[in-house]
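Please take the sequence and the model together, and follow the chains through the paragraphs below.

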Amino acid sequence: MDAFIIILTGSLVAVSCALLGSFLVLRKMAMIGDAISHSVLPGIVIAFLLVGSLQSAWMIIGAGLIGVLTTFLIEFFHQKGKLQTDASIGVTFTWLFALGVILVTYYAGNAHIDQDCILHGEIAYVPIDLMYDDAGNAIGPKAVIVLSVVLTLILLFITVFYKELFITTFDPDFASAIGISTSKWHYLLMGLVSLTTVASFESVGAILVVALLIAPASSAYLITRDLKWMFLLSSLFGIISSFFGYWLSYALDGSIAGAMVTISGVIFGICYIVTVLKK
Amino acid sequence: MIKNSIIHLILLGLIVSCSGPEKVDNDKLKVVATTGMLYDAVINIGKDKIEAEAIMGPGVDPHLYKATQGDLSKFNRADVIIYNGILLEGKMTEVLEKLGRQKPVYAVAESVPENMLLPFAGYQDAYDPHVWFDVSRWSLVVREIGNSLAAVDSINTEFYSKNTNSYLNQLDSLNEFVTSRIEEIPEERRILITAHDAFGYFGEAYGIRVEGLQGISTVADFGLKDIANIIDIIISNNIKAIFVETSVSEKSINAVVTGCREKGHNVSIGGYLYSDAMGEFGTEEGTYLGMFRKNVNTIVEALK
């Protein structure tokens, strides 16, 4: 049963990340997950300083707000400052992270604050981290519930606004010409990325999310140029990574997230070799 | 179409993955302790009536611990879980608190009364969790472990309380040993400088001034000012040795040694101290008593 829940959690994260990751890879913003994983630090510290407690609900709010701010700043410097997206991502998240480090050392030097011990969850504990209703009955693993809601939101968003997202991703100039605001869709998409990453960090830890945002979508990108196929293949790669990653960690008694990321890297390697051989 | 395929794939994955590891059953009380220190106390109290497992092995920094696949089955198999608490286990704490709804889970270090905990910067929820470095505070924790085991396994209450008392006697003689050894250090030289503030309780209990480079977290970086401050303290008090900890990198402490040398003061590295983790299980330093003695001997030899 535990194996089932962990693989389900991994798969939920994997599919959410694969769908959003496909857009990120196509928009040359793949590193945004890594950026958010670092830039949330000041959000956590400020939430702690304001509330005086390390309750995870406050930490998620702080982290989530800074996550949105991160995506906003990245787009702002890219559009208004004419910076390349990679430079814009790099400038924004290092600056926010540094701000967080200064806040920790200056205001909270003695308290134990960093995103690793306060925000980032651990996929191994998902089966025992249950959610309870008001009467105190267990409903189910918290991460599975949270991540199912997140995935539903993403699926709804992409299905309903598929056309807008498609056009703004592939042909922003044409989109503007026919009156679709590229920035609006960008901010909506990035807001969703921020929500997904912060919720997933809290459930399963950072490295898994950062990797699953990029590796499966990149592997799919090597094989297909059709967006729908890219969604399907990257989700499939993500689920395979989560399934085999779990059993790899079982065999080695190692970190589950580490093993899942390893498998996603192996899949990327195979896809790369296949595309090279095909040429 | 795509959504359906994804759902099918997830379901397929789930069906295949249902064959989890089998549980091993016997009638001994299964106790899981998070840190080595707790594990050591647990096996001294439970002896052959229990089957104990530790989550964090030797040399592991509990602040940075990454779970493995096997930890989950340890928690699931356990009849009772003993953890430190006071946020030593970081994010794992939340999970353990929740697990407390399903099986007995005890945050044993939280049995130390709040007025005996050293606060940090006046925030709520922020006490120094390293209570094991004062033997008298640790005795309270050990007593709590004894009570916890007795509460879960009431048939063996007498057995546990007998073992708890004899272990507490050993802790008392350890306490005397520490006090008398520390007295060998001239009073003005009782200053302990290490990389990480794990020794707050140690300093308070045995009259040693403790200066750490980092804050309570092993992740927060030390600032240039911290290094300069420490160097000033070393030079003005003519301190002979500073210490490296086994679970924290020695880079920061080397910076201090170099800094002192540049100012013409020779300070040596007095040795390695066990802080957040103990030595290998099965060795002398792999037990609480051995680890504590080793630390005190290292400190006394270097400073006296």
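This is a predicted model: local features need pLDDT of at least 70, side-chain atom pairs count only at pLDDT 80 or more; totals for chains, interfaces and linings use all residues.

Residues are numbered from 1 along each chain as its sequence is written, and chains are lettered from A and ligands numbered from 1 in the order in which they are written.

Chain B is assigned domain 1 (2–177) and domain 2 (182–303), the bounds coming from an automatic or database domain assignment. Between them, 24 residues of domain 1 of chain B are in contact with 26 residues of domain 2 of chain B, where contact is defined by C-beta atoms, placed from the backbone, that lie within 7 Å. On the side of domain 1 of chain B that touches domain 2 of chain B, α2 (36–46), α5 (135–152) and α6 (157–182) of chain B each supply at least two residues, and the largest share, 4 residues, comes from α2(B). Helices (H or I, at least four residues) and strands (E, at least two) are DSSP runs numbered from the N terminus. The residues on that side of domain 1 of chain B comprise 13 nonpolar, 6 polar and 5 charged; here Ala, Val, Leu, Ile, Met, Phe, Trp, Tyr, Cys and Pro count as nonpolar, Asp, Glu, Lys and Arg as charged, and the others, Gly among them, as polar.

Chain B also holds an open sheet of 4 strands in the order β2-β1-β3-β4, with parallel pairing, two strands being paired if DSSP finds at least two bridges between them. Its edge strands, each pairing on one side only, are β2 (50–54) and β4 (105–107) of chain B, and the twist from one strand to the next averages 20 degrees. Strand β3 (residues 80–83) of chain B runs parallel to β4(B) and is joined to it by 3 bridges; Tyr83(B) has Ala107(B) of β4(B) as its bridge partner. Across β1 (29–33), β3 and β4 of chain B lies α5(B), which runs at about 170 degrees to β3(B). Axes are lines fitted to C-alpha atoms, for helices over the stretch in contact, and angles run from 0 to 180 degrees between N-to-C directions.

How do the axes of α6(B) and helix α10 (residues 288–303) of chain B cross? They come within 10 Å and cross at roughly 5 degrees, which makes α6(B) roughly parallel to α10(B). Angles under 35 degrees count as roughly parallel, over 145 as roughly antiparallel, 65 to 115 as roughly perpendicular and the rest as oblique. The residues in this contact include Leu174(B) and Phe177(B) of α6(B), together with Phe292(B) and Val296(B) of α10(B), and by class the contact of α6(B) with α10(B) has 8 nonpolar, 1 polar and 2 charged residues.

In chain A, helix α3 (residues 41–51) and helix α4 (residues 56–79) pack at an angle of about 135 degrees, with their axes 7 Å apart, and α3(A) and α4(A) are therefore oblique to each other. Their crossing is right-handed, a term for the near helix being turned clockwise from the far one by less than a right angle, with left-handed used if anticlockwise. Among the residues making the contact are Ile44(A) and Ala47(A) of α3(A) and Trp58(A) and Leu65(A) of α4(A); the contact of α3(A) with α4(A) has 11 nonpolar, 2 polar and no charged residues.

Terms used
Two residues are in contact if their C-beta atoms, placed from the backbone, lie within 7 Å.
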